[in-house]
Amino acid sequence: MRTVTIALYVACALALVISELLARYSRARIPRLADLLRWMLRRRSTQIGVVMAWWWIGWHFLGSGA
Amino acid sequence: MSRWRVWREPAVPMLLAATVVHIVRRDVFDTVLFAGTALLITWDAGRARQVGAGPPGRAGHRWVVAAGMTAYAAIVALAPAATVGARAAMIAVGLAAAALVVGGPRPAGSSGAEAAVGRGWWVWAAIGLVACLWELSSFISQQVWPSDQASHPAVSDLVGPLLTSWFGRFVFLLLWAAAGWWLLAQWMGAGRRGADRHIAAACHSETGRSEADR
C-alpha cells in the first residue's frame, strides 16, 4: 500500500509537469501555470491566501518540523 | 456587510476547510494561522484601498536576488528543522510577506491573463484536488490505523527525512524562496496588467470627454 500511496503522489507531480509542457508546446487548451496564477491573483482574497499558503509550506517543513 | 461577500470567493472556504483539518490534527498554531488568514481577508475586504500596480518595488536584478536567496538558504539550512534559528528565519520572511501583501494595493480588476486561461483552468484544479484528497486520505488512514502509518505516508513523512541534512534543507529552502519570488513576479504582473487596463480605461474615458467638449 505504501508503494501505491507514493505512486499517486508521483503521478500528481508528473501530471503538473506534463500539463505545463502541454500548455507551452501543444495546442491543448490548457493555460500555463503562470497565466493561471496571474488570473487567480486578480482577487485580493487569493493574493492573501496564496502568499499565506506559500509561507506555511516552508513553516510546516522547517519551522514546525512536521 | 459588503466585506462578507468575500466569503463567496474560493479562498475563504478553502482556508476554513483547512482549518477544520488542523483542528483535527490538534495543531494550535496552524489552526490559528488558517482561521486568522480567513479573518484577515474578511477585514481587508472592508477596507477602502487604492487600486494599483501590485506590491512596491520591482522584480528585477535577477542575479542579486538569486545570490540573496542562495545565501539565505545556505545560512538558514545550518539550523536543523524546528529549532529557534530556523523558526526565527521563517517568521522573519513571513512577517515581510505579510507586510507586503497587507500593505500592497488592491488589484485592478481582471488582468490580461484572463483570455489566456480560458476554460482550461479545470485541468490544474483537478490535479490539485486529487493531490489534496490523497493527502487527506493518508492523514485519515493514519488516524484510523495508527499502527500502520508507514503504509499511508503523508507528503511530510516522505519529505521530512530529506530535511535532516544541511544539503536537503538548502535545496528545500532554495526552491521555497524561488517559488516565493516567482509568486511575487506573477502578482506584480497581474497588478501591472490590471493597472495598465485601469489607466487605459481612464485615458479612454478622458479622451472621450475631450471629444465631447469640442
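In which helix of chain A does Ser19(A) lie? Ser19(A) lies in helix H1 of chain A, where helices (H or I, at least four residues) and strands (E, at least two) are DSSP runs numbered from the N terminus. The model is predicted: local features need pLDDT of at least 70, side-chain atom pairs count only at pLDDT 80 or more, and totals for chains, interfaces and linings use all residues. Residues are numbered from 1 along each chain as its sequence is written, chains are lettered from A and ligands numbered from 1 in the order in which they are written, and side-chain values use heavy atoms, leaving out hydrogens and water.

**Confidence and chain make-up**

- Chain A has an average pLDDT of 92, and 98% of its residues score at least 70; pLDDT is the predictor's confidence in each residue, from 0 to 100.
- Within chain A, the lowest mean pLDDT among the elements belongs to helix H2 (residues 33-40), at 89, and the highest to helix H1 (residues 2-25), at 95.
- Chain B contains eight helices and zero strands.
- Of the 214 residues in chain B, 33% are buried, where buried means under 20% relative accessible area, exposed over 50%, and partly exposed in between (1.4 Å probe, protein chains only).
- Of the contacts in chain B with a separation of 6 or more, 72% are between residues 24 or more positions apart; a contact means heavy atoms within 4.5 Å.

**Nonpolar cores**

- The largest nonpolar core has 36 residues, and those with the most contacts inside it are Trp55(A), Ile41(B), Met90(B), Leu173(B) and Trp176(B). Such a core is a set of buried Ala, Val, Leu, Ile, Met, Phe, Trp, Tyr and Cys residues joined through side-chain atoms within 4.5 Å.
- At least two residues of this core come from each of helix H3 (44-63) of chain A and, in chain B, helices H1 (11-25), H2 (28-45), H3 (62-76), H4 (84-103) and H8 (166-213).
- H3(A) supplies ten residues, the largest share of this core.
- Ile41(B) contacts Ser45(A), Ile48(A) and Gly49(A) from chain A, and Val6(B), Ala11(B), Val12(B) and Leu15(B) from chain B, leaving aside neighbours within four places in sequence.
- Another core, of eight residues, lies apart from the largest one and includes Leu36(A), Trp39(A), Val117(B) and Val123(B).

**Packing of H3(A) against chain B**

- The axes of H3(A) and H4(B) are 10 Å apart, and the two helices pack at an angle of about 175°. Axes are lines fitted to C-alpha atoms, for helices over the stretch in contact, and angles run from 0 to 180 degrees between N-to-C directions.
- H3(A) is therefore roughly antiparallel to H4(B); angles under 35 degrees count as roughly parallel, over 145 as roughly antiparallel, 65 to 115 as roughly perpendicular and the rest as oblique.
- Residues making this contact include Trp54(A), Trp55(A) and Trp59(A) of H3(A), and Met90(B), Ile91(B) and Val93(B) of H4(B).
- The contact of H3(A) with H4(B) has 13 nonpolar, four polar and two charged residues. Here Ala, Val, Leu, Ile, Met, Phe, Trp, Tyr, Cys and Pro count as nonpolar, Asp, Glu, Lys and Arg as charged, and the others, Gly among them, as polar.
- H3(A) and H1(B) have axes that come within 10 Å and cross at roughly 30°, which makes H3(A) roughly parallel to H1(B).
- This second contact involves Ser45(A), Thr46(A), Met52(A), Trp56(A) and His60(A) of H3(A) with Ala11(B), Leu15(B), His22(B) and Arg25(B) of H1(B).
- By class, the contact of H3(A) with H1(B) has four nonpolar, four polar and one charged residues.

**Buried sites**

- Six of the eight residues of H2(A) are buried, so this helix is largely enclosed by the rest of the structure.
- The buried residues of H2(A) include the charged residues Asp35(A) and Arg38(A).
- Ser19(A) is buried, with a relative accessible area of 5%, and touches Ile30(A), Val123(B), Trp124(B) and Ile127(B), not counting residues up to four places away in sequence.
- Ala86(B), in helix H4 of chain B, is buried at a relative accessible area of 3%.
- Beyond four places in sequence, Ala86(B) is in contact with Leu62(A), Ala79(B) and Pro80(B).

**Positive phi in loops**

- Most residues other than glycine have a negative phi.
- Arg26(B), in the loop between H1 and H2 of chain B, has a positive phi of about 60° and is exposed at 70% relative accessibility.
- Ala82(B), in the loop between H3 and H4 of chain B, has a positive phi of about 65° and is partly exposed at 30% relative accessibility.
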